[in-house]
Structures are given as structure tokens and as C-alpha cells.
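Subject: Model handover

Hello,

Here is the structure we spoke about. My notes on it follow below.

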Amino acid sequence: MNEHPRYRILLWIGAAIAAIAVIAWIIHHGKQAQLGGQGMRGRSGGPMAVAVAIATVGELAIKVPALGTVTPLATVTVKTQISGQLQHIAFKEGQLVHLGEFLAQIDPRPYEAALAQSEGNLRRDQSLLTNAHLDLKRYQDLAADNTIARQQLDTQQALVSQYEATVATDTAQLSLAKLNLQYTHIVSPVTGRVGLRQVDQGNYVTPGDANGIVVVTELQPVSVVFPLPEDNLPAIQKRLHAGATLSVEAYDRADTGKLADGKLQSVDNQIDTTTGTIKMRALFDNEDGALFANQFVNVRLLQDTLTDQVIIPVAAVQHGAPDSANSTFVYLVGTDQTVSVRPIVLGVTDGERVAVNKGLQAGDVIVTEGGDRLRDGATVTLPAAVTPGAAPGAGGADGANAPGANGVNGAHKHGDWRHHGAHAAPAKP
């Protein structure tokens, strides 16, 4: 009686295992059929929707990238040149000050007293000198008549010289007293922005204070110092010797937002042997204050501008095996809407654009998106406004085939190489 339920349980388990095996076989067969259909479709040359661009002729900038540091032309620590109590601070932290603008005041009373004392000493010694000159004149008259001894005349002459030296010393002391009094009124040595104050009002300050009172940094104009590989130096020197002015662009740390435009000002006089680079300084007006002292920025130096270049988007470039004949190529769209592999030789790259030195000509239609699914001879579906093989500027009434026409959004105008509708998804197998 116990064997009959056990036998039934075994039957149910066997049936369940068989059902699971059947379901797994159906799923696996369905996936294989789907993949096989996709593969047959790709290999059979079925039309695929792709994005395309038209090769254009234009200018291409050779920009050398670098990482630079914003370096002020002047950074001055304002220190007192005399000792005394800091009576008044006239600046606000972060304020923009100009050359000679009042910053702080030190108690002037001790120095006013010293000035008055120096003036008194000078007047006293000037009076003694005047009296000594009068006595010398009398002794000279008496010595001419042999009324007095020659020694007495010489003594008076020495006394006059002594008083003259004393007056000269008093004059120097007076000038020093005036200068010390002037030092109690502290002004900005440069035009720039003041930082955080280093000492509070009411403190006793001395010339030996290491931090000073405040730091003034010149930021308008401001420079950016950046290193470049020594391989770029000959071309840059050639341009500079020809009298060219090389422009420099400064971008933020993300290298996406432009901060300022400037010009190359100077090149260092020696190459750093440890890094193989040479330092350069670019000058920026920085009127909007976008550049800040010691800020890290991405720099792009415009080394030269090439003209009459065949230009395509970087997205169109395909890469094969390094040792193959087609290591760098594009998919060229023919008049029958089939693609062919076209080997190319690349030139200078400028952002999303690249020059083609060999392999293409203006007006060629090339694939920019969807090339990873293509093979040589595959058939593609193009936007209606694009006619492969048409000369630049030809085509429909809207001029879609012209380089830079609205139908293709020419990269030399808008930086967008994709045709309207190029985002359409490829046909599903």
C-alpha cells in the first residue's frame, strides 16, 4: 500500500523534469533563430539606417593643449617699515585697490615729535654755523694785518667745517624723520585685490612681522604659466620670429567652459631636462575676474591655422588592426547607397573635427553613426536630403548636399555633423 503513492510521486517528478527540458529547448531555439536572423540580415546587406556627414574644405586650427597655473604679475606682502600701533585699517578684505590708495595708518605722534626735534637741531646748528662764518671773516681780516696768530685763524676755519658737517647731519636726520612720518600712512604698492588681513587694528606692528598687514595680488592683467613639450618649440619659435601673435585660450578644470582669451607673452630661456618641457607665459586682461591666482586651468595654444583642408567629423573615423592596410578608414557611401571601406590618412585634429590628408575629397558622403554594424558592400538607408556622389553645393533646392548646408549642419559652422533625422534607429531585423 505504501509503494503506490511513492510510485505516483516519482511519476510527477519525471513529468516536471520533462516539461522544464521542453521549455528550455524552446527558449534556446528561439534565441538562436533570432540571432541567426540578425546575422543573416547583416551579412545579406539589408538596408541599415545610418547617420552621415559630407566632407568639407575649410580651415583647421592647430591647438596645443597644456595644463597651466594662473600666476599674478605681482604679489606684494604689505609690511610696515616702522614700529608703532596700528590705528586704522582702511581696506575691506577682497577689495580692489589702486596704486597709491590708502590702506592703513600707524600712530604718527612719536614720529611727529621726532620730526620737530630734528627741525630744532637743524636750526640750532645752522645758527652756530652762521656765527662761525662771521668769526672766520673777522679773523681773516685781522690775519691779513698780522694782528692775530695764524693758528687762531686755522682753528676758526676748522670750527666752520665742523658746523657744516653738523648741519649736513641734521639735514639728513630731518629727511629721515619726514620719511618715517610718511611711512605711518601705508598705501598700496600695486593695483590689485587685497586678501585677508593678517593683523587687527590696535596691534603693535614692527618691520619684522613675517605676515605683514595684508597681501595685494595684481589680477588685471594676469598671466598663466604652462609647460609645453620641447617638440612644439621650433614651430612656435618660427611663428614668433615671423612676428605672429599666438592666441591662447583658458578653460576650466573640466575643459568644457572657456574662461578667458589671451595672448602668448614670453617663452622661457631653457628646457627642463627632467620633463622635456619648456615654460611659457600667456597674458590675459581678466576684466571679468574669471581667472584667480594659483588657479589650475586647461590651456590651448593656437600654434597655426591650416587652410584648404578636407575636414570630416572624428566620429566617422574607424580603426582596424594596426598592421592591416585599412588600419584607419571610413565607410564611404556610393551612389547606389552601398558603403565601401576607404583607407584614409589623418592630419590635424581640432576638437570633434579632423583633417584628412589622403583618401577623401570634398563632397564625399561618409558614415558617422552605425559603422560598427556595417561591412564592405553593405546597403544603407540615408536621409532623404542626402544624395551620394553629388558635387559640393549641388543637390536639391534646399542645398542639402552643400558642405555646411542646413540639411547636414556643417561642422565648420555649428559643430554638428549629423543630418536631420540621423538619430533614427536602424531597422530592426
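Helices (H or I, at least four residues) and strands (E, at least two) are DSSP runs, numbered from the N terminus. This is a predicted model, in which local features need pLDDT of at least 70 and side-chain atom pairs count only at pLDDT 80 or more, while totals for chains, interfaces and linings use all residues. Residues are numbered from 1 along each chain as its sequence is written, and side-chain values use heavy atoms, with hydrogens and water left out.

Overall

The secondary structure comes to five helices and 23 strands. Of the 429 residues in the protein, 35% are buried; buried means under 20% relative accessible area, exposed over 50%, and partly exposed in between (1.4 Å probe, protein chains only). Taking contacts as heavy atoms within 4.5 Å, residues 24 or more positions apart account for 71% of those with a separation of 6 or more.

Largest pocket

A pocket is found on a 1 Å grid over the protein atoms alone, as an open set of points where a 1.4 Å probe fits, with protein on both sides within 12 Å along at least five of seven lines; lining residues have an atom within 4 Å of a point. Grid points are joined across faces, edges and corners, and the volume is the space filled by probe spheres set on the points. The largest pocket holds about 200 Å³ of space. E4, helix H3 (150–183) and strand E8 (185–187) each supply at least two residues of its lining. Among the lining residues are Val76, Thr77, Val78, Gln182, Tyr183, His185 and Ile186. By class, the lining divides into six nonpolar, five polar and one charged residue, where Ala, Val, Leu, Ile, Met, Phe, Trp, Tyr, Cys and Pro count as nonpolar, Asp, Glu, Lys and Arg as charged, and the others, Gly among them, as polar.

Strand pairing

Two strands pair if DSSP finds at least two bridges between them. E4 belongs to an open sheet of four strands with antiparallel pairing, in the order E4-E11-E9-E6. Its edge strands are E4 (75–78) and E6 (96–97), each of which pairs on one side only. E4 and E11 (residues 214–217) are antiparallel over four bridges, and Val76, which also lines the largest pocket, has Val216 in E11 as its bridge partner.

E5 has two antiparallel partners to note. Two bridges join E5 to E10, with Gly84 opposite Val205. Three bridges join E5 to E7 (residues 102–106), with Ile89 opposite Ala104.

Further along, E18 (residues 328–333) and E19 (residues 339–343) pair in the antiparallel sense over five bridges, and Val333 stands opposite Val339. These two strands form a hairpin with five residues between them, and Gln337 in the turn has a positive phi of about 60°.

Salt bridges

A salt bridge here is a side-chain nitrogen of Lys or Arg within 4 Å of a carboxyl oxygen of Asp or Glu. The count by this rule is 12. Arg197 pairs with Glu93, the closest N and O atoms being 3.8 Å apart. That pair links distant parts of the chain, 104 residues apart: Arg197 is in the loop between E9 (192–194) and E10 (204–205), and Glu93 in the loop between E5 (84–89) and E6. Arg197 is partly exposed at 39% relative accessible area, and Glu93 is partly exposed at 41%.

Asp304 and Arg239 meet at 3.9 Å, N to O. This pair also links distant parts of the chain, Asp304 in E16 (residues 296–313) and Arg239 in helix H4 (residues 233–241), 65 residues apart. Asp304 is partly exposed at 26%, as is Arg239 at 29%.

Arg124 and Asp125 form a salt bridge at 3.1 Å, N to O. Arg124 is partly exposed at 48%, whereas Asp125 is buried at 4%. A network of salt bridges links Lys63, Glu249, Lys258 and Asp261.

Backbone points to check

Gln220 and Pro221 are joined by a cis peptide bond, with omega about 0°; Pro221 is in the loop between E11 and E12 (222–229). Asp255, not a glycine, has a positive phi of about 60°. Asp255 is in the loop between E13 (247–251) and E14 (258–267) and is partly exposed at 32%. Asn294 has a positive phi near 70°. The loop between E15 (277–284) and E16 holds Asn294, which is exposed at 56%.

Regards
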